[in-house]
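Colleague: Please walk me through this model, a few places at a time.

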Amino acid sequence: MLRNKLLPSFLLSLLAPALAEANVNIRKLYQFPNDVFHDIENIAIRSNGHLLLNAITEPVVYTLDPRAATPTATPLHQFDGATGLAGITEVSPDVFALVVGNYSVHELKGIQGSFGIWKLDLTSGTPVVSKITSIPEGQPLNGMTTASENVVLVADSPVGIVYSVNINTGAYQVAIQDTQFQPPPGSPFPLGVNGIHRRDGTLYFTNSGLNTFGKLPITAQGTAAGVISIIASAPANNFYDDFALDAGGNPWITLHPHALEIVRLPSGSHSIALNSTEVVHPTSCIFGNSCDTKRTLYVVTAGEETESHIISGQVFAITV
Ligand SMILES: *[C@@H]1O[C@H](CO)[C@@H](O)[C@H](O)[C@H]1NC(C)=O
Ligand SMILES: *[C@@H]1O[C@H](CO)[C@@H](O)[C@H](O)[C@H]1NC(C)=O
């Protein structure tokens with residue numbers, strides 16, 4: 001999700017142009033307009049298969065029907081008093097929790113005191129939005145997942161901790177603290193734990209600063225129930241962002257600047273599933289939720305903004 005705009009452009013100059021790999025089928029569903037920079041940081045999927053797209057460059061949740069003849073992102077809800085959105089997770093059918101706050105995208109920072117967790121209820125057809133809690137200590141809050149019926153987890157990337165939030169009472173606390181969640185000491189790239197996703201009693205995570213992918217057994221309250229194991233590391237000159245677990249529980253990880261890596265569990269063997277310059281800074285992904293889309297991975301991108309050009313975020317459908 002949140003990513004460093006400076007490091008990738010520095011890395012880009014070191015990389016030869018990437019080539020598309022032919023083992024997956026990739027289709028661009030939509031590209032946000034390039035008049036102003038739209039950086040799409042996170043994605044969720046509704047019961048009806050429509051995508052929810054969180055922009056970090058504006059406080060807007062967009063919606064897009066990936067099966068429309070000409071898929072188009074339209075604003076679903078705009079939050080007041082904030083500049084962007086990050087993690088989003090479904091807490092019950094068509095009810096989502098998400099991070100709202102003030103991000104300084106180019107400096108990789110968040111404004112402390114600006115972050116809150118909100119609920120977006122889409123069960124009635126029109127969005128009903130309510131604040132769950134502020135987390136004033138939060139630095140850029142980033143990836144989110146659902147731990148159990150009432151508890152969501154949210155990653156604080158620069159601090160390297162995971163908060164648990166009770167979505168009914170708004171009570172929150174530091175649930176997990178571990179050096180494997182922290183950015184490397186003295187890193188010019190101060191992002192630790194980034195994407196987090198729970199399946200059954202296991203929390204999977206990426207650490208973008210250490211460039212690791214790992215897992216941790218957790219309780220229904222989101223606290224550690226064991227120790228962290230590191231499963232994979234990103235290739236040199238690339239870095240891990242968010243990921244999605246497929247039906248078999250294997251993570252598909254977005255890899256800056258242009259790739260997607262699959263990790264096969266439990267062995268941890270990993271390979272590049274896609275590497276294409278057409279995909280500009282993939283940030284997050286999610287699998288389709290119907291019979292005909294469960295092998296379709298929807299990928300969103302940050303795009304890039306430099307002094308000379310803007311490439312806004314994109315939405316791809318990749319058949320795996
Ligand atoms: C993507 O392709 C480019 C060009 O072949 C290569 O330099 C780069 O290392 C590849 N990236 C990954 C993650 O394999
Ligand atoms: C966050 O940004 C909004 C919109 O620019 C502004 O009104 C608000 O004061 C900011 N909050 C903080 C804590 O900086």
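Colleague: Is Gln 180 buried, partly exposed or exposed, and why?
Modeller: The classes are buried (under 20% relative accessible area), exposed (over 50%) and partly exposed in between, with a 1.4 Å probe and protein chains only. Gln 180 has 26% relative accessibility, so this residue counts as partly exposed.

Colleague: What kind of model is this, and what is the average pLDDT of the protein chain?
Modeller: It is a predicted model, in which local features need pLDDT of at least 70 and side-chain atom pairs count only at pLDDT 80 or more, while totals for chains, interfaces and linings use all residues. Residues are numbered from 1 along each chain as its sequence is written, chains are lettered from A and ligands numbered from 1 in the order in which they are written, and side-chain values use heavy atoms, with hydrogens and water left out. pLDDT is the predictor's confidence in each residue, from 0 to 100. Of the residues, 92% score at least 70, and the chain average is 92.

Colleague: Where is Gln 180 found, and which residues does Gln 180 touch?
Modeller: Helices (H or I, at least four residues) and strands (E, at least two) are DSSP runs, numbered from the N terminus. Gln 180 sits in the loop between β15 (172-177) and β16 (193-199). Contact means heavy atoms within 4.5 Å. Leaving out residues up to four places away in sequence, Gln 180 touches Phe 205, Asn 207, Leu 210, Ile 228 and Ile 230.

Colleague: Is Gln 314 buried or exposed, and which backbone nitrogen does the side chain of Gln 314 reach?
Modeller: Gln 314 lies in strand β28 (residues 314-319) and, at 2% relative accessibility, counts as buried. A polar atom of the Gln 314 side chain is 3.0 Å from the backbone oxygen of Glu 278. At 3.1 Å, the side chain of Gln 314 also reaches the backbone nitrogen of Val 280.

Conventions: Polar contact = N/O pair within 3.5 Å; in protein donor to acceptor, adjacent residues only side chain to side chain.
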